[in-house]
Amino acid sequence: MTAKTTWTTDSGPDSLLEVRDLRTWFELRRWGFLPAGFVRAVDEVSFELRRGEAVAFVGESGSGKSSLARTLLGLYQPTGGEVIFAGRNLQSLNRAEQLHYRARVGYVQQDPYGALPPFMSVGRILAEPLIVHGISSRAERRRRINEALEEVRLTPADDFLPKFPHMLSGGQQQRVVIARALILRPAMIIADEPVSMLDASVRVEILNLLHTIRTSHNLTLAFITHDLATVRHFAERIFVMYAAKVVEKSEVNELVDRPQHPYSQALLAAIAEPDPANADRVRVIPGGEPPSLISPPPGCRFHPRCPHAIPELCDREMPPEFEPRPGHFAACWLHR
Amino acid sequence: MAAGNLLRVDDFCLFYRTSGGIGRAVDGVSFELERHQAMVVLGESGCGKSSLGRGLLRLLPRNVETCTGRIFLDGIEISAFTDERFRSEVQWVRIAMVMQAAMNALNPVVRVGEQVAEPLLVHRGWSRARALARAAEVFSLVGISADFLRRYPFELSGGMRQRAVLAMALITEPDLVILDEPTSALDVLTQAGIMNVLKRIKRELGTSFILITHDVATSSEIADRVALMYAGQFVELAGAADFFLRPAHPYAKLLLASIPRLHQEKRPEFITGQPPSLLSLPAGCRFAPRCPSRFGRCAENPGLMTLLDGRQVRCWLYAEGLQQ
Amino acid sequence: MRTWREAGRQLGRYPSALVGLAIIAFLVGIAVYAVIAIPYSEALGLWRGGDQWRMHPVNARSAWVDRLTGGGQSRTMIVSSSAAAIEEETFAGGRQLRIPLAFDYEYAGFPSEINLFFSAAYQERQPFVRLIWHTPDGEVVSLGGRRISREDRIAISQDLALERRLGEVPHIGLLAEPGATVPERARTGSYELTVEAILFEEAAELAVDLVIYGRVHGPAGTDHLRRDLMVALLWGTPVALAFGLIAAVGTTLTTLVIAAAGVWFGGWVDAIIQRLTEVNMILPLLPILVMVGTLYSTSIWLMLGVVVALGIFSAGIKMYRAMLLPVRSAPYIEAARAYGAGDLRIITRYMIPRVLPVLIPAFVTLIPTFVFLEASLAVLGLGDPVLPTWGKILNDAQTMSALYNGFYYWVVAPAILLMLTGLGFAMLGFALDRIFNPRLRAM
């Protein structure tokens with residue numbers, strides 16, 4: 001058990017990551033060079049993450065949550081807006097500072113097997129980030145690898161070092177992925193659907209592990225999921241995303257009990273719990289499909305499917321963020 | 001055998017030959033399914049449930065070592081049919097299947113309508129026009145507009161592709177549809193939509209379903225009965241209400257406790273350890289290594305015992321038929 | 001890497017792999033032996049032909065062919081004056097020598113040629129020699145006489161007068177069974193060629209070598225220039241293996257790196273590489289090599305260079321690109337970018353190892369392709385002019401119409417070696433393919 005050690009050496013206020021009006025648009029080209037519009041994967045998203053908190057980004061496919069994650073990780077370049085990490089704007093970093101930033105943010109991916117190179121042993125996989133960041137001493141690398149494996153409860157570490165990914169179970173593979181995300185002692189971890197490809201009985205274990213790691217090192221955890229049921233127990237705040245925008249932000253219990261945006265309400269209504277009475281009920285879900293990110297509908301993006309859409313308003317103008325309850329924000333004209 | 005039973009499976013076994021030994025994917029499974037009933041085979045990955053589904057329809061890979069057991073459809077022993085007879089009279093005629101990730105297995109260069117209509121062309125020899133017309137009807141049943149008949153698979157979203165594949169299974173009006181993880185790769189709203197479709201089909205067409213899944217919550221959406229599978233065997237076979245509200249087998253109890261629930265304050269628990277490999281199964285009860293209630297007798301493999309309330313449990317704790 | 005040790009163990013399970021390895025080991029052994037036993041410069045010198053081979057028969061068969069056809073063919077015999085009992089008689093102004101060159105002829109078959117080599121040392125006046133042939137039956141045949149110069153040769157087999165006298169070619173007639181109209185067997189027994197030489201100076205010296213050329217020579221036979229084919233067969237092995245290996249390594253590695261770079265960087269880099277490849281794939285390799293060989297030079301290094309250069313932008317690029325494209329969007333590559341791995345590291349450490357399982361068997365089976373290419377060039381007359389290679393042997397054989405003349409050994413030996421090379425590498429390559437690509441194992 002590691003003692004409670006905070007890895008972040010950045011001094012400063014509580015706010016670790018500030019995102020303002022972030023846009024990540026991809027340009028489409030016809031025949032390789034003719035401009036043909038943009039895919040607006042992330043469209044004017046703003047939020048703030050505090051040190052040590054766990055925030056869940058909830059949304060369906062096409063909501064932009066994965067693109068948002070990748071932009072925060074530096075894998076996509078923002079088309080507009082700002083990402084400010086520990087007081088520094090990401091766009092203003094030079095190469096060396098960019099590399100340093102990558103060490104401060106760890107990435108846990110959805111597919112545990114795909115996230116690990118199949119031809120490398122666990123020891124080698126964990127050594128790679130250290131080598132890339134210039135930790136040349138073998139002994140030091142060994143030490144940190146053992147430390148990381150202990151954190152994720154893959155012990156005895158020596159047993160696991162020579163193993164290859166295909167020799168591990170799904171849960172163990174994901175632990176290796178988490179170990180790799182931790183090995184550079186980041187301040188923040190972005191986890192994109194970390195348990196959706198694991199078995200039900202293993203999911204809780206891994207989520208517990210992430211929780212323990214977060215609290216023992218005061219890490220910020222941004223995790224992306226479509227499983228609202230897990231969010232309740234493992235996140236403090238929740239951001240609901242729809243069609244490349246954040247439509248609701250709130251503390252998690254508050255949102256589960258009193259959702260303010262019609263989309264969040266629909267999501268919660270669609271969540272199944274193991275209840276035999278379900279077989280007799282038909283769930284009410286909004287018809288239609290999520291909109292295209294190339295040419296989204298005018299006004300509020302959810303209005304074509306929304307049971308409470310206000311004509312002449314919701315289909316004309318994009319709603320700003322309202323605060324119907326303290327600390328609980330929803331971008332919906334119903335709360336004007 | 002009770003009258004009105006659509007399907008009866010008697011001691012079905014399916015073993016694979018692999019470079020690591022014999023994999024006992026399905027090890028003596030028996031059950032009965034009535035008409036208009038939906039049974040869920042619930043289990044985690046590696047428990048053999050997919051093999052069970054495919055074995056019932058004789059969609060077997062090449063390295064099958066043993067495939068034994070008797071299967072009766074409406075009293076007729078279809079397991080005794082030759083492969084040709086099975087293919088022409090049972091497969092897709094009386095029993096159809098929607099396989100795992102089927103929505104990704106649609107032929108990308110053929111229009112969706114043609115693919116959905118194909119079983120009618122093959123099994124009933126209908127003309128193309130007639131088959132496409134029927135496809136349009138089935139499309140409306142599963143909730144897709146008939147416009148999409150002329151589209152290609154890549155033009156449909158994941159949820160719509162899954163509905164299309166479901167239409168393909170339903171188009172020959174089978175008595176039984178086996179679905180293997182029909183909603184696992186889909187979003188929450190889409191999942192709910194698919195489950196709504198299944199409920200409607202069950203109600204309007206009376207089709208029976210065997211739904212194979214690892215998702216406990218989804219299974220409760222449609223199950224009349226639940227069969228919990230572990231390491232190749234059924235460990236509990238009960239009605240839906242009994243299973244979800246009063247699980248009997250220790251594994252069932254732990255599994256239900258490990259599901260995170262939205263409206264529950266308590267943090268979900270998890271089950272330690274992993275399921276055994278089908279290549280090297282332990283002697284004795286296969287869940288014993290992970291079971292919190294194991295005791296001496298568990299060194300012997302229990303058979304399925306019938307309890308007073310009609311359900312079946314594979315656990316020595318219920319040996320005398322006492323506990324409920 | 002897990003794969004190496006595991007692969008080694010699994011290799012043992014395939015008999016074809018073991019056979020292939022054995023063949024390759026055999027060839028490598030020959031190559032090593034050739035390079036050590038006959039150093040490079042010496043090999044080139046030997047292969048140049050010329051006078052050093054004068055005591056070798058022309059187009060002699062190989063010893064194993066002789067054994068296969070029942071044996072009894074003649075081997076080359078050299079009778080030297082240095083071993084003979086020379087009778088000397090001095091006279092005023094010179095010496096008279098009587099040199100008996102005696103030998104026992106044991107073979108049933110006839111020799112292919114008979115030559116007499118003289119080595120004389122004198123100031124001005126040439127010695128005069130008279131030749132007398134004694135058969136075992138006591139027959140005496142006079143072969144005439146003449147003056148000889150310092151390094152001289154009397155080609156007894158080409159003496160037309162003698163031929164007319166004997167009724168047969170001299171090397172048959174002189175050894176025929178007496179009385180036979182169509183001589184089939186040679187008369188075995190003790191023969192002697194007596195050389196009666198008159199030296200007109202006191203200080204003059206004379207040495208004589210009688211060479212009775214056999215029809216069989218060595219394990220490989222000889223060619224039309226009297227060269228022992230073993231030299232070329234032995235030395236052809238390291239040349240072939242080296243050419244095949246260098247070409248295979250050069251093309252494969254370069255192709256791989258270029259394909260990976262194209263896939264990773266995408267955009268115009270990829271586009272340029274693909275267009276280059278497509279144009280290059282249309283160009284036919286062999287005709288271009290023929291052109292280069294005819295117009296410039298046929299030096300083997302030039303050929304090797306052209307082969308590698310044209311081989312880089314080949315179908316291999318398309319294949320590796322197809323295999324690497326899905327890898328490019330693999331989650332672990334994304335993770336690597338997220339922790340800051342650079343482009344070079346990603347290409348070499350994360351992408352290329354994915355294709356190694358396909359690359360290794362392809363590489364092994366590529367080696368014989370280049371070996372055959374080199375041999376083909378040589379057969380076409382575009383081989384390296386100085387190197388002894390298998391292809392050169394075949395080229396000579398073809399030019400001299402070997403098969404028409406029944407000199408099968410000339411063609412068979414290099415052909416067998418070429419086939420062995422192909423067989424060995426192919427068997428090893430296919431076994432490696434089954435190991436590294438398990439989906440093929442089921443077949």
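Of the 336 residues of chain A, 46% count as buried. A residue is buried here if 20 or more other C-beta atoms lie within 10 Å of its own, exposed if 12 or fewer, and partly exposed in between, with C-beta atoms placed from the backbone. The model is predicted: local features need pLDDT of at least 70, side-chain atom pairs count only at pLDDT 80 or more, and totals for chains, interfaces and linings use all residues. Residues are numbered from 1 along each chain as its sequence is written, while chains are lettered from A and ligands numbered from 1 in the order in which they are written.

Chain A has 10 helices and 12 strands. Both are DSSP runs numbered from the N terminus: helices are H or I with at least four residues, strands E with at least two. The radius of gyration of chain A is 21 Å, close to the 20 Å of the globule rule for 336 residues, so chain A is as compact as a globular protein of that length. This radius is taken over C-alpha atoms, and the rule is 2.2 Å times the number of residues to the power 0.38. The C-alpha trace of chain A spans about 65 × 55 × 45 Å along its principal axes. Among contacts in chain A with a separation of 6 or more, 65% join residues 24 or more positions apart. A contact requires C-beta atoms, placed from the backbone, within 7 Å.

Chain C contains 15 helices and 9 strands. Its radius of gyration is 31 Å, well over the 22 Å that the globule rule gives for 443 residues, so chain C is more spread out than a compact globule. The C-alpha trace of chain C spans about 105 × 45 × 35 Å along its principal axes. Buried residues make up 38% of chain C. The domain assignment, automatic or from a database, gives domain 1 (2-47 + 227-440) and domain 2 (72-213) in chain C. Their centres, taken over C-alpha atoms, are 54 Å apart. Of the contacts in chain C between residues at least 6 apart in sequence, 75% join residues at least 24 apart.

Two pairs of chains are in contact, and chains A and B share the most contacts. Here 31 residues of chain A meet 36 residues of chain B. On the chain A side, α7 (200-217), α8 (228-234) and α10 (262-270) give two or more residues each. That side has 15 nonpolar, 8 polar and 8 charged residues. Ala, Val, Leu, Ile, Met, Phe, Trp, Tyr, Cys and Pro count as nonpolar, Asp, Glu, Lys and Arg as charged, and the others, Gly among them, as polar.

Chain C contacts chain A through 16 residues, against 18 residues of chain A. Helices α12 (331-338) and α13 (343-382) of chain C each supply at least two residues. The largest share, 6 residues, comes from α12(C). The chain C side divides into 10 nonpolar, 1 polar and 5 charged residues. Chains B and C do not touch; their nearest C-alpha atoms are 10 Å apart.

The largest nonpolar core has 267 residues. Such a core is a set of buried Ala, Val, Leu, Ile, Met, Phe, Trp, Tyr and Cys residues joined through C-beta atoms within 7 Å. A:Ile190, B:Ala135, B:Ala167 and B:Leu228 have the most contacts inside the largest core. Helix α7 (residues 229-265) of chain C gives the most to this core, with 17 residues. Another core, of 35 residues, lies apart from it and includes C:Leu143, C:Val208, C:Val211 and C:Ile212.
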